[in-house]
Amino acid sequence: MRLIIKDNGDVASAYAANYIIERIKKLSPTQQRPFVLGLPTGSSPLGVYRILVEKYKAGEISFENVVTFNMDEYVDIPRDHEGSYHSFMWKHFFSHVNIHPANVNILDGNATDLEAECVAYEAKIKAAGGIDLFLAGIGEDGHIAFNEPGSSLASRTRVKTLAYDTIVANSRFFGNDFDLVPKMALTVGVQTVLDAREVVVIALGPRKALAVQRCVEQGVNHMWTLSALQLHPRSMIICDEDATLELQVRTAKYYKDIERVAQSQGFEQVFPSKILTGFPPQSIQASIVVDETQSPSVSSPQSTTSYLLRASPATEYSTISRSPSPDFTPDRMGSRIGDPAFTRRLTPAPERQELQDRSKTLLPALALATSVNSVNA
């Protein structure tokens with residue numbers, strides 16, 4: 001995982017926007033093979049969207065062959081409500097560039113069947129060939145999308161209850177009225193994000209500093225879901241100086257030194273291979289021995305490892321059938337040893353045991369003899 005530290009939010013946003021533009025140009029998308037871009041909402045990506053719009057108007061980038069998938073949407077809020085993520089995206093980005101409306105994908109929080117909507121969203125992502133680059137923000141509690149603390153790191157797109165802190169933070173988009181903020185949302189899962197070929201996170205300001213510290217300096221933890229990026233082969237966090245306030249000084253210096261050396265050597269992150277990030281092309285599938293996996297869904301969670309390391313998941317949650325247990329057979333370790341003397345030592349009160357064994361042998365014979373004598377009489 002790369003950590004890019006810039007002087008301020010404007011420089012960090014410019015770096016993220018230019019990185020996205022570079023990736024789109026490098027792929028040279030066509031109508032048959034579009035660039036698939038995952039997008040977030042919130043205050044953190046606003047600077048990125050502003051620069052992308054400026055670059056488009058300057059003729060430096062086209063979004064004609066770009067397909068987008070947004071991370072989340074509130075449940076039971078009108079699509080044209082100013083607080084909805086549909087409105088947010090069209091206001092700040094889509095209406096200012098040449099993206100085709102048919103290429104815009106946002107979850108429908110008003111769907112009749114919310115679970116079916118989530119499963120269909122995962123299917124759309126797969127049908128588009130997987131997400132090439134997922135841009136993401138970060139919550140103050142370290143959540144990515146609406147994967148609140150405690151979310152499964154193998155989670156897929158689903159209905160999610162929002163945490164109290166998230167509702168309070170998002171109230172700024174609803175006139176600071178807590179009661180107006182929706183309490184549930186549809187969101188892509190952690191594993192959905194990890195399946196992208198690249199993940200770029202933008203984290204700005206001191207309020208994100210603790211989340212950055214937990215996700216960079218500590219281990220993978222479902223209470224800080226962004227930390228799952230440590231498992232991704234092509235992940236990057238771009239932040240300003242204020243967002244590094246909780247990091248150890250030597251940690252920040254370490255990452256700055258790495259980037260300085262990379263720039264001096266003319267090294268840039270290699271464009272991600274489909275082999276490494278979960279969507280191997282048909283031309284190489286025959287040379288790789290892997291189990292075929294079904295389309296990920298709510299009912300079949302995936303592991304957080306790469307495609308090549310992933311075990312075949314169960315297709316549904318179901319009761320595992322087990323064979324009947326064999327009849328219980330009393331057994332003693334002493335009976336497995338051929339030496340009678342050793343067997344005798346392993347037997348508690350051997351004299352009593354020997355007497356009981358003789359009784360078991362003699363009693364049937366005595367009973368038979370008694371029965372014969374009775375018949376003769």
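**Confidence.** I looked up pLDDT (the predictor's confidence in each residue, from 0 to 100) for this predicted model: the chain mean is 81, and 71% of its residues reach 70 or more. I noted that pLDDT stays under 50 over residues 275–329, for which the model has 67 contacts beyond four places in sequence; contact means heavy atoms within 4.5 Å. Where pLDDT is low, the predicted coordinates should not be read in detail.

**Conventions.** I number residues from 1 along each chain as its sequence is written, and side-chain values use heavy atoms, without hydrogens and water. Local features need pLDDT of at least 70 and side-chain atom pairs count only at pLDDT 80 or more, whereas totals for chains, interfaces and linings use all residues.

**Sheet.** I traced an open sheet of seven strands, paired in parallel, in the order S1-S10-S9-S6-S2-S3-S5. Its edge strands are S1 (2–6) and S5 (104–105), each pairing on one side only. Strands (E, at least two residues) and helices (H or I, at least four) are DSSP runs numbered from the N terminus; two strands pair if DSSP finds at least two bridges between them. S1 runs parallel to S10 (residues 235–240), and five bridges join them. I found isoleucine 237 in S10 as the bridge partner of leucine 3.

**Proline 45.** Is proline 45 buried or exposed? I read a relative accessible area of 1%, so proline 45 is buried (under 20%; exposed is over 50%, partly exposed in between, with a 1.4 Å probe and protein chains only). Proline 45 lies in the loop between strand S2 (35–39) and helix H2 (46–57). Beyond its neighbours within four places in sequence, proline 45 contacts Pro40 and Ile202.
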